[in-house]
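Please look at the sequence and the 3D structure shown here. The report that goes with them is written for a careful first reading.

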Amino acid sequence: MGMLVFDGLRESLKSARVVSKARRKWKHWRSGRDTQAAVSWLARERDAALQELEHLRERYLRLEKRAIERNLVEPCRALFVYPEQEDVPKHSLPIGAGNSVTKQARGRIVWNGLSDDQAFHLEMECLRRVGESQVSLDGRCHFPQLLTWDATARSFTTTHNGTPLDKLQRTVSVPAIEAQLSSIAMTLEKASVAHLDIAGGKNVTVDEAGTLCLIDFDIACLDGFPLSEKIQRRYEAFLAEGGYAGFIDELRRVTLENPMIEPA
C-alpha cells in the first residue's frame, strides 16, 4: 500500500528531472522570446505537482489514522498483478478489425497526475480486468484485447477495434446499441473499473461491423482507489452523476448524438 501511495510522491520529488525538462523548455521559449509562455507552463507544472503532493499527504494521513481500525492491504491486493503473457485470456468473441495498436504509457501530471510507471500499471490492470470480466449481451467484444507488453519500455499492444467516434468520416450502422452499451457498463462494474474519460466520444470506437469499443484507461479508477488528485476529482464526479448508471447515460448520449452513427 505504501509503495502505491508514495510512487507519485517519489516522482514529484525528482527535482533534477523536472529542472532538466524546465531548462529545455526555457531554452526553446527563450529562443523565441516568448517568456510569458514559459512562465505559464512552469506555473501549471508547479500547481499540478503541489496538488498531487497535497492529495498524497491527505491520503497518507487517512491511511495512518485508519490503519489500526482494519486491514487496508487486502482490498488492494489485486492491483497491478500481471498474468504471464501466455496466460492472457483469448476471447472467442469477434474483435472487429484484425490489426493491432501499440501504445507507450506516459504520465502527465497536469492531465492525470500520474507518473509514467503509474500510468502504465493502471492501464495494464484495467485491460486485464475487463478482459477477464467480459460481459457480452450481443456476442461482441467491447474492449481492446491485451496481446503483449514490455514493462521496461512501459508499452503494450492491443487489438485495434475501429475508429473513434469523433473521427468518423462516414455513417456507420450500429446494431443493438442498448445491448452493446449495457455490455460495456456491466463489464466495467463487474471488473470494479471506473472509466473516467469518455471525452465526447474520443475514447469510444466503432468498427465496420458496428461494434462499439471503450478504449484508453489512462484516466480510470480501480476498486474506488484513485491514484492521483486529478483522478479523485473525476471519480467523485462519476459517483455524483450516478456511477455506472450515469456512465451508461453519458455513453448513450455521445453515441446517439453523433451524426455518423445510425442505429440499426
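## About the model

This is a predicted model, in which local features need pLDDT of at least 70, side-chain atom pairs count only at pLDDT 80 or more, and totals for chains, interfaces and linings use all residues. Residues are numbered from 1 along each chain as its sequence is written, and side-chain values use heavy atoms, with hydrogens and water left out.

## The second largest pocket

A pocket is an open set of points on a 1 Å grid over the protein atoms alone, where a 1.4 Å probe fits and protein lies on both sides within 12 Å along at least five of seven lines. The second largest pocket holds about 280 Å³ of space. Its lining has 16 residues, and V101, P144, T158, I215 and D216 are the closest to its centre; lining residues have an atom within 4 Å of a point.

Strand 1 (100–104), helix 4 (116–132) and strand 3 (155–159) each give two or more residues to this lining. By type, the lining of the second largest pocket divides into six nonpolar, seven polar and three charged residues.

## Two residues with positive phi

Most residues other than glycine have a negative phi. R154, in the loop between strand 2 (146–150) and strand 3, has a positive phi near 55°. A176, in the loop between strand 5 (172–174) and helix 5 (177–191), also has a positive phi, near 45°.

R154 counts as partly exposed because its relative accessibility is 25%, where partly exposed lies between buried (under 20% relative accessible area) and exposed (over 50%), with a 1.4 Å probe and protein chains only. A176 likewise counts as partly exposed, at 41% relative accessibility.

Terms used
Grid points are joined across faces, edges and corners, and a volume is the space filled by probe spheres set on the points. Helices (H or I, at least four residues) and strands (E, at least two) are DSSP runs, numbered from the N terminus. Ala, Val, Leu, Ile, Met, Phe, Trp, Tyr, Cys and Pro count as nonpolar, Asp, Glu, Lys and Arg as charged, and the others, Gly among them, as polar.
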